[in-house]
Amino acid sequence: MHDGIHIGINGSFIENFVQNSGELKLLGKGDGSEVMLQKIKANETVIIEPGDNIELMEFFYILEGELELDDNKSKTTLKRGDYFYSHHLYDHVQFETKSQVSLLYFSTQPVFNFLSSTINELVELAHTVEKKDYYTHDHIQRVKDYGIMIGNKLRLSKEKIETIGFAALFHDLGKINVPDHVLNKPDRLTDEEFGLIKKHSAWGAELVSKTYFENLSKIIRQHHEKIDGSGYPDGLKKDEILIEAKIIGVADAYDAMTSTRSYRKALSPQDAVDELLRFKDKHYDAEVVDALIEVLKEENII
Ligand SMILES: [Fe+2]
Ligand SMILES: [Fe+2]
């Protein structure tokens, strides 16, 4: 996606999601927010759920049609020109369309991510990889959690932190192309086998490059790069590596070390931290390692 002003001519959109009840078009996105055009058929019930983040704000402006909003206390009929929004929503609310309705829908958190079919396919693929690579059960979720906590510690923008969450989800996607017996081999890998494993970051980058998530492509490609240039696939150094990739790299390494793998037992959190410190500024970004250590202390893990 390019910088600056974006112009949409009537009918254009970034991505489209068609469902039985109507369709949703993503018109604009930035800083973690999304603006959508939602068309809903008549006599459909739409439920607005509280988000994971209580600060979530969702705004609906009725462009055309009529609906009845039920906020669990009373019902209000709303039509063209009326609007409603949710903020600090603790319980679900719902509305029913009385005719075909067209809404301008704004959300301070990405909604589209969870709906688009390409995205669902990628998420499914990520879970397939987890099953395939037996020892990485729940690995992506933990990399995501640590990645987000490190991002918050480093006071990165909301958009960057959200990007880290999705990059974590998809970082090992390329392993789908690595044979199971190589992924789960209990003994030492041959050079050829290790070569195959090393390809997963570039393969993963390729998989997302033509989707809604093309902005994750570089991060995924770089998640095994190291500060001193000894990483793969491009041997990038220091600032050539994106901060998001450095964060995924550290969260990934920490989780790998503290998980039991086919070829070794798990290290204790403190031993894993000692290892990160030993390679701080060589393999791992110093600021990122320090941020993870702070997070682990806050969580009483070390
Ligand atoms: Fe990886
Ligand atoms: Fe990983």
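Asp 70 stands opposite Lys 75, a residue of strand β7. The model is predicted. The domain assignment divides the protein chain into domain 1, residues 15-113, and domain 2, residues 116-298.

- Strand β6, which covers residues 66-70, runs antiparallel to β7 and is joined to it by five bridges.
- Both strands belong to an open sheet of four strands with the order β4-β9-β6-β7 and antiparallel pairing.
- Strands β4 (45-48) and β7 (75-79) are at the edges and have a single partner strand each, so one side of each lacks a neighbour in the sheet.
- On average, and ignoring direction, neighbouring strands in this sheet are turned by 25° against each other.

**The two domains**
- Between the C-alpha centres of domain 1 and domain 2 the distance is 35 Å.
- Seven residues from domain 1 and six residues from domain 2 take part in the contact.
- On the side of domain 1 that touches domain 2, three residues are nonpolar, two are polar and two are charged.

**The helix pair α2 and α8**
- Helix α2 (residues 139-153) packs with helix α8 (residues 243-257) at an angle of about 130°, and their axes are 9 Å apart.
- This angle makes α2 oblique to α8, and the crossing is right-handed.
- Residues of α2 in the contact include His 139, Tyr 146 and Ile 150, while those of α8 include Ile 247, Ala 251 and Asp 255.
- Sorted by class, this contact of α2 with α8 comprises eight nonpolar, three polar and three charged residues.

Note on methods
Residues numbered from 1 in each chain as written. Chains lettered and ligands numbered in written order. Predicted model: local features only at pLDDT ≥ 70, side-chain atom pairs only at ≥ 80, totals over all residues. Pairing = 2+ DSSP bridges. Helix = DSSP H or I, 4+ residues; strand = E, 2+ residues; numbered from the N terminus. Axes fitted to C-alpha atoms, helices over the stretch in contact; angles between N-to-C directions. Domains from an automatic or database assignment. Contact = placed C-beta atoms within 7 Å. Nonpolar A, V, L, I, M, F, W, Y, C, P; charged D, E, K, R; others polar. Parallel < 35°, antiparallel > 145°, perpendicular 65-115°, else oblique. Left-handed = near helix turned anticlockwise from the far one by under 90°.
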